[in-house]
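Here is a short report on one protein chain. Keep the sequence and the 3D view open while reading.

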Amino acid sequence: MTGLGHILVGQSAITAGQALAVVTGRPHSSVDALVVGLRVPRFVIGATSGLALGSAGAALQASLRNPLAEPGMLGISSGAALGVVLTTGVGIAEGQPVVLLAAAVGGLCAVGLIALTVRGRWNDSGLIALSGVLIGSILTAVVLGVLALTGRPIGDVLRWLVGSVNARTLDDVPPIAALTIAGLLIVLSQTRPLSALRLGPAMASTLGANHKRARALAMIGAIVLSVGGVIGVGAVMFIGLIGPQIARRVTRSTHPGVLILAGGLVAAAILPAADLIAEQATLILPGTGSVTGLPVGAVIAPLSVPVLLWLLNARKQAA
């Protein structure tokens, strides 16, 4: 339903009937480019990026045994965005392998900084979360500084810092899809040891699971997934948190493999829906009139607040 909404509804003067005619094979030459070239890619990229970020969040939550872990809160998304911004700032076109490599290195550096901070205390979920938030804030500030120094337009600033699916085309789909598939294959290959890790590192070792290797590979897979999501929609916060948590309640499962797939699918539904709301939203700004269209992250963040409060309250009651 969300995908159909993206195709039928937009800011242009194209009617829903004209858009539907394009999809059903009765094209209107004047609207083909907008429907096929902009609306369809917008939904596909939003859904694929949501799948990547939701699955990454579930993988991080399983490997770190922290229900609040997600790419945005751990600074991985900000690190990947910094890699892209630094690379594109010197004139290299987006979507090139070097840009994807730079994003991966940025995400890996964020995890490396967390590792230096926690110094092997990977079971201290509170310390990891605090380190991730601090490092993410620093990297976000660096991204903002680079964007300002390179004179990038406000659209780029909003895209990389808040998250946006504006002006995406079908050419952007292949690298995002490839990274999402690769990341999923990596994290899903570690579901057995991650399942044992739920009982604790000592019990996992007793059961014969190499939990350190599983954690490392799961985090690498999460970085690959995060890079795919960031390339698509920017550093959207919280989508990697709420997707797996909703999936946990819907499926009533604690198995990492189920939550990685289900969490990704839930996020793949939420992100395009939020983007559709953001696209149609009208914001009244004093002195400047109305502005139609918001970054998707500006919609997801406030919607995530009740979920975050509920999770914190649930943890407090369980303690």
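## Helix α11 and its end

Helices here are DSSP runs of H or I with at least four residues, strands are runs of E with at least two, and both are numbered from the N terminus. This is a predicted model: local features need pLDDT of at least 70, side-chain atom pairs count only at pLDDT 80 or more, and totals for chains, interfaces and linings use all residues. Residues are numbered from 1 along each chain as its sequence is written, and side-chain values use heavy atoms, with hydrogens and water left out.

Helix α11 covers residues 211-233. Its 23 residues should span 33 Å at 1.5 Å a residue, and the end C-alpha atoms are 32 Å apart, which agrees. The expected span is 1.5 Å times one less than the number of residues. α11 is mostly covered, with 17 of its 23 residues buried. Buried means under 20% relative accessible area, exposed over 50%, and partly exposed in between (1.4 Å probe, protein chains only).

Helix α12 (residues 239-251) has 13 residues. Arg 252 follows α12 and has a positive phi, near 55°.

Which residues touch the most other members of the largest nonpolar core? They are Leu 74 and Ile 239, in a core of 66 residues. A nonpolar core is a set of buried Ala, Val, Leu, Ile, Met, Phe, Trp, Tyr and Cys residues joined through side-chain atoms within 4.5 Å. Not counting residues up to four places away in sequence, Ile 239 touches Leu 53, Gly 54, Glu 70, Pro 244, Ala 267, Ile 270, Leu 271 and Ile 300. Contact means heavy atoms within 4.5 Å. A second, separate core has five residues, among them Ala 62, Leu 194, Leu 197 and Ala 218.

## One salt bridge

A search of the whole structure finds one salt bridge. Asp 275 pairs with Arg 42, and their closest N and O atoms are 2.7 Å apart. Asp 275 lies in helix α13 (residues 256-280) and Arg 42 in helix α3 (residues 32-64), so the pair ties together parts 233 residues apart in sequence. The cut-off is a side-chain nitrogen of Lys or Arg within 4 Å of a carboxyl oxygen of Asp or Glu. Asp 275 and Arg 42 are both buried.

## Two glycines

Gly 79 lies in helix α4 (residues 76-88). Gly 79 counts as buried because its relative accessibility is 3%. Leaving aside neighbours within four places in sequence, Gly 79 contacts Ala 103, Gly 106, Gly 107 and Leu 139. Gly 79 and Ala 110 are 5.6 Å apart, C-alpha to C-alpha, and 31 residues apart in sequence.

Gly 126 sits in helix α6 (residues 125-149). Gly 126 is partly exposed, at 45% relative accessible area.

## The chain as a whole

The chain has 14 helices and two strands. Of its 319 residues, 51% are buried. Among contacts between residues at least 6 apart in sequence, 72% join residues at least 24 apart.
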